[in-house]
Amino acid sequence: MKSKLLLPCVVAIVALMTTSCYNDSEEALYPAGCDTTNVSYSQTIQPILSQNCNSCHNSTENNAGVITENYNDLITHVNSGIFWKAVNHETGVVPMPFEGQKLQQCDLDRIKAWIDNGAPNN
């Protein structure tokens, strides 16, 4: 009787083991880290802003007078320190995105690296 149950149990265990990680990606299981080298405005920062900021801070809908859709309008807020404080949810400013979750840590690390590098328009 034991031998009749052993084979189905082994098959069930093997099946469970092979399907348990079906939707896991290698990147999710083993993150490579956040690359903050060679951060540029056009290739790194602008896409983050497009995804998280520009829908509310553009030339048509410039909430609080802040426009993030182009470098020339953004740099004033970067240089004053308000931009970093807002996206980093620091006290004394309205956290951005407004009533939303803080940006992903990697995006914040990239923004900080760009600012620390002088926030170049590159």
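The chain has six helices and zero strands. Read along the sequence, that gives the pattern α-α-α-α-α-α.

Some housekeeping. This is a predicted model, in which local features need pLDDT of at least 70 and side-chain atom pairs count only at pLDDT 80 or more, while totals for chains, interfaces and linings use all residues. Residues are numbered from 1 along each chain as its sequence is written, and side-chain values use heavy atoms, with hydrogens and water left out.

Now the chain as a whole. Of its 122 residues, 25% count as buried. Buried means under 20% relative accessible area, exposed means over 50%, and partly exposed is in between, with a 1.4 Å probe and protein chains only. The accessible surface comes to about 8,600 Å², and carbon and sulfur atoms hold 55% of that. Those areas come from the Shrake-Rupley method with a 1.4 Å probe; for residues, only the protein chains shown count as cover. A contact means heavy atoms within 4.5 Å. Among the contacts with a separation of 6 or more, 48% are between residues 24 or more positions apart.

Next, the largest pocket. Rolling a probe the size of a water molecule over the atoms shows where empty space is left. On a 1 Å grid over the protein atoms alone, a cavity is a set of points where a 1.4 Å probe fits but cannot get out; a pocket is an open set with protein on both sides within 12 Å along at least five of seven lines, and lining residues have an atom within 4 Å of a point. Grid points are joined across faces, edges and corners, and the volume is the space filled by probe spheres set on the points.

How much space lies in the largest pocket? About 380 Å³. Its lining consists of 20 residues, and those nearest the centre are His57, Val66, Ala86, Val94 and Met96. Helix H4 (71-80) and helix H5 (82-87) each supply at least two lining residues. The largest share, four residues, comes from H5.

Take histidine 57 from that list. Histidine 57 sits in the loop between H3 and H4. Is histidine 57 buried or partly exposed? Buried, because its relative accessibility is 10%. A polar atom of its side chain lies 3.2 Å from the backbone oxygen of asparagine 63. That is a polar contact: a pair of N or O atoms within 3.5 Å, where within protein one must be able to donate a hydrogen and the other to accept it, and residues adjacent in sequence count only if both atoms are side-chain atoms. Leaving aside neighbours within four places in sequence, the residues in contact with histidine 57 include Val66 and Met96.

Asparagine 54 is in the loop between helix H3 (41-52) and H4. Asparagine 54 counts as buried because its relative accessible area is 12%. Its side chain reaches the backbone nitrogen of glutamate 69 at 3.5 Å. Leaving aside neighbours within four places, asparagine 54 is in contact with Gln46, Leu49, Thr68 and Glu69.

Gln46 and Leu49 are also among the buried residues of H3. What covers the buried residues of H3 includes H4, H5 and helix H6 (105-116).

Last, some backbone angles. Most residues other than glycine have a negative phi, and most peptide bonds are trans. Methionine 96 and proline 97 are joined by a cis peptide bond, with omega about -5°. Proline 97 is in the loop between H5 and H6. Histidine 89, which is not a glycine, has a positive phi of about 55°. Histidine 89 is also found in the loop between H5 and H6, and counts as partly exposed because its relative accessible area is 29%. Alanine 119, in the segment after H6, has a positive phi near 50°. Alanine 119 is buried, at 2% relative accessibility.
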